[in-house]
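Subject: Structure handover

Hello,

Here is the structure I promised to pass on. My notes on it follow below.

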Amino acid sequence: MPQLPATPYPAEVRARLDADAEEVLARYPGSRSALLPLLHLVQSEEGYVSRTGIAFCAETLDLTTAEVTAVSTFYSMYRRRPSGDYQVGVCTNTLCAVMGGDAIFDTLKEHLGVGNNETTEDGKVTLEHIECNAACDFAPVVMVNWEFFDNQTPESATRLVDDLIAGRTVEPTRGAPLCSYKETARILAGFPDERPGAVEATGGAGPASLIGLKLAKGEALPKARVVSPRAGQPQDAQPQDAQPHDAQVHDPSPAERLSSHDAPQQTSASDPEHPAGPAAEEGE
């Protein structure tokens with residue numbers, strides 16, 4: 001059935017969004033390029049991209065509502081219906097799934113009583129399975145409002161959502177402190193995070209992320225534990241291109257989750273079949 005025109009924003013909301021949109025548009029030489037941040041902006045107002053938000057973006061950028069709808073439905077970060085205060089995404093892509101992501105997702109569905117892309121009755125948590133978030137070395141990964149919670153288990157993920165629903169303070173593994181989904185959307189629209197200390201609370205790459213770079217540069221690594229891909233006991237081993245007298249033996253910290261996917265591998269410098277040479281860092 002044909003739909004009625006979208007309900008306009010109240011006057012005070014429209015005035016505020018117009019001012020914010022003007023600031024966004026000033027960043028781009030062509031107004032059409034501002035569509036993605038404007039979609040985040042309207043999402044920060046209602047928690048999802050409504051028909052009213054689509055009409056606002058279309059009018060502001062001189063686009064059709066069909067053009068705006070095509071973009072807003074293409075990207076998964078734009079919600080199509082009202083969502084919870086916390087968007088809990090469980091990575092179920094290959095490595096996370098193998099490491100337990102599927103089990104986490106199934107556990108949370110049963111625990112929360114919701115399905116994929118559904119929200120709890122109290123409006124606190126929306127659960128969804130998500131694709132790779134480039135954190136495979138910390139698998140399985142759960143994200144809350146796009147902040148990382150690494151090395152999760154069904155038990156830890158259950159505690160996580162219980163704390164969110166109860167309003168208890170929850171700290172991501174790395175990155176800025178949590179804020180609401182609407183606040184996250186405003187930050188993604190390009191507006192500064194004004195919370196004290198939020199910008200400084202960045203999270204760098206963990207030890208597992210850096211092993212490949214160190215190997216490629218021919219640097220010595222600490223004594224590593226290699227986990228056999230077959231049924232066997234872990235063995236102590238040194239990378240072939242490491243110098244024993246340079247290695248510093250240490251006990252792995254909890255952050256250095258040792259598993260078969262972060263075992264030392266041959267580098268181009270030590271593998272005659274791949275003589276490409278060591279990789280340089282970006283900008284070199």
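How many Å² does the accessible surface of the protein come to, and what share of it belongs to carbon and sulfur atoms? The surface is about 16200 Å², and carbon and sulfur atoms hold 52% of that. Please keep in mind that this is a predicted model.

Overall fold

The protein has eight helices and seven strands. It runs to 284 residues, of which 37% count as buried. Among contacts with a separation of 6 or more, 63% are between residues 24 or more positions apart.

Nonpolar cores

The largest nonpolar core has 22 residues. Those touching the most other members are Leu35, Leu38, Leu39, Leu41, Phe56, Cys57 and Val68. As background, nonpolar side chains in soluble globular proteins tend to be buried together.

What does valine 68 touch, leaving aside residues up to four places away in sequence? Its partners are Leu35, Leu39, Ile54, Cys57, Ala58 and Leu63.

Helix α3

The buried residues of α3 are Thr52, Gly53, Ile54, Phe56, Cys57, Ala58 and Leu61. Their cover includes α1, α2 and α4 (65-72). Just after α3 comes aspartate 62, which takes a positive phi of about 60 degrees.

Aromatic rings

A search of the whole structure gives three aromatic pairs. One of them joins tyrosine 9 and phenylalanine 56: the ring centres are 6.1 Å apart and the planes stand at 75 degrees, so this pair is edge-to-face. Because tyrosine 9 is in the segment before α1 and phenylalanine 56 is in helix α3, the pair ties together parts that are 47 residues apart in sequence. Both tyrosine 9 and phenylalanine 56 are buried.

Another pair is formed by phenylalanine 74 and tyrosine 75, with centres 5.0 Å apart and planes at 85 degrees, so it is also edge-to-face. Are these two residues buried or exposed? Phenylalanine 74 is exposed, at a relative accessible area of 64%, and tyrosine 75 is partly exposed, at 38%. Phe74 and Tyr75 belong with Tyr78 to one aromatic cluster.

Two arginines lie over ring faces. Arginine 27 is over phenylalanine 191, at 5.2 Å from the ring centre. Arginine 174 is over phenylalanine 148, at 4.0 Å from the ring centre.

Cysteines

How many disulfides does the structure hold? The count is zero. Cysteine 96 is buried, with a relative accessible area of 4%. Cysteine 179 is buried as well, with a relative accessible area of 10%.

Regards

Note on methods. Residues are numbered from 1 along each chain as its sequence is written. This is a predicted model: local features need pLDDT of at least 70, side-chain atom pairs count only at pLDDT 80 or more; totals for chains, interfaces and linings use all residues. Side-chain values use heavy atoms; hydrogens and water are left out. Helices (H or I, at least four residues) and strands (E, at least two) are DSSP runs, numbered from the N terminus. Buried means under 20% relative accessible area, exposed over 50%, partly exposed in between (1.4 Å probe, protein chains only). Contact means heavy atoms within 4.5 Å. Accessible areas come from the Shrake-Rupley method with a 1.4 Å probe; for residues, only the protein chains shown count as cover. A nonpolar core is a set of buried Ala, Val, Leu, Ile, Met, Phe, Trp, Tyr and Cys residues joined through side-chain atoms within 4.5 Å. Rings of Phe, Tyr and Trp (its six-membered ring) pair if their centres lie within 6.5 Å; planes under 30 degrees apart count as stacked, over 60 as edge-to-face and the rest as tilted. A charge sits over a ring if NZ of Lys or CZ of Arg is within 6 Å of the ring centre and within 35 degrees of the ring normal. A disulfide is a pair of cysteine sulfur atoms within 2.5 Å.
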